[in-house]
Amino acid sequence: MRKITAGLFISLDGVVEAPDQWHFPYFNDEMGASVDATLGAADTMLLGRKTYDSFAGAWPDREAAGGEDAHFAAKLGDARKIVVSNQRLDFTWRNSEQLRGDFVEAVTALKNEPGDSAIAMSGSVSIVRQLLAAGLLDELHLLVHPIAVRKGERLFDDGEPSIPLTLISSQTFKTGVLSLLYAPAGTVGTGGYEEARTHLPQD
């Protein structure tokens, strides 16, 4: 079964909206390598409509311009891009298609397609939430920026139930950005203060 991995730029206070307005000062070679290892290495991408529209409005032109980012733009263009939307969409960016049918059933079928490469996501917060709720997201890669944006949509909104996660790996970039890779934990541990106080220093 193929994995679905979601990557998000996120602020210290949990904001994921409009990262183009606050994250570029922290973009360095380490972050570039991290993004390329996930999004750039994927042969399939799953995207929400807004994220797709943003990508399609920029990357084809960057590829055509032949600048420093043209190689990465070509990778995105060559990848299969599957867009989640309730509206009928028309595409001009190559290798783009719309996810058809029931969301959970369609994504489950996508995960069951032949191949062992991960299906990558970037942004698309509402889709990430749906995948987590349905138990279909395998990895959540957060690039936590050392800034409190203080406005905008956050990754986790108010609601029930809670979503326990397990930290798989972590790395600190020179800019202070934390690269954190999580996987769903399945269940929340039990315990309260009586259990926790046994771990306090006794001296």
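How many of the five residues of strand E3 are buried? Four of them are, so E3 is largely enclosed by the rest of the structure. Here, buried means under 20% relative accessible area, exposed means over 50%, and partly exposed lies in between, with a 1.4 Å probe and protein chains only. Helices (H or I, at least four residues) and strands (E, at least two) are DSSP runs, numbered from the N terminus.

Before we walk on, a word about the model. It is predicted, so local features need pLDDT of at least 70 and side-chain atom pairs count only at pLDDT 80 or more, while totals for chains, interfaces and linings use all residues. Residues are numbered from 1 along each chain as its sequence is written, and side-chain values use heavy atoms, with hydrogens and water left out.

Let's stay with E3 and meet its neighbours. Two strands pair if DSSP finds at least two bridges between them. E2 and E3 run parallel and are joined by five bridges; Met45, for instance, has Lys81 in E3 as its bridge partner. E3 also runs parallel to E4, this time with three bridges, and there Val83 is partnered by Gln98 of E4.

Now move to strand E6, residues 139–145. Seven of its seven residues are buried, so the strand is mostly covered.

Helices come next, and another general rule is handy. An α-helix has 3.6 residues a turn, so residues three or four places apart point the same way. In helix H2 (residues 49–56), the buried residues are Thr51, Tyr52 and Phe55. Seen down the axis of H2, they fall within an arc of 100 degrees, so they line one face of the helix. The arc is that of the directions from the helix axis to the C-beta atoms. What covers these buried residues includes helices H1 (29–40) and H3 (59–65), along with strands E2 (44–48), E3 (80–84), E4 (96–98) and E5 (119–122). Contact here means heavy atoms within 4.5 Å.

Helix H5 (residues 103–111) can be read in a similar manner. Its buried residues include Phe103, Ala106, Val107, Leu110 and Lys111. They cover an arc of only 140 degrees around the axis, which puts them on the same side of H5. Among the elements covering the buried residues of H5 are strand E1 (4–11), E2, E3, E5 and H6.

A few single residues deserve a stop. Ala18, in the loop between E1 and H1, has a phi near 50 degrees, a positive value in a residue other than glycine. Ala18 is partly exposed, with a relative accessible area of 25%. Asn95 sits in the loop between E3 and E4, and its phi is near 60 degrees, again positive in a residue other than glycine. At 40% relative accessibility, Asn95 counts as partly exposed.

Leaving aside residues up to four places away in sequence, Gly77 touches Trp93, Arg94 and Asn95. At 0% relative accessibility, Gly77 counts as buried.

Our last stop is the second largest pocket, with a volume of about 370 Å³. Lining it are 16 residues, of which Leu132, Ala133, Pro161, Ser162 and Ile163 lie nearest its centre. Helix H6 (residues 125–134) gives the most to this lining, with three residues. On a 1 Å grid over the protein atoms alone, a pocket is an open set of points where a 1.4 Å probe fits, with protein on both sides within 12 Å along at least five of seven lines; lining residues have an atom within 4 Å of a point. Grid points are joined across faces, edges and corners, and the volume is the space filled by probe spheres set on the points.
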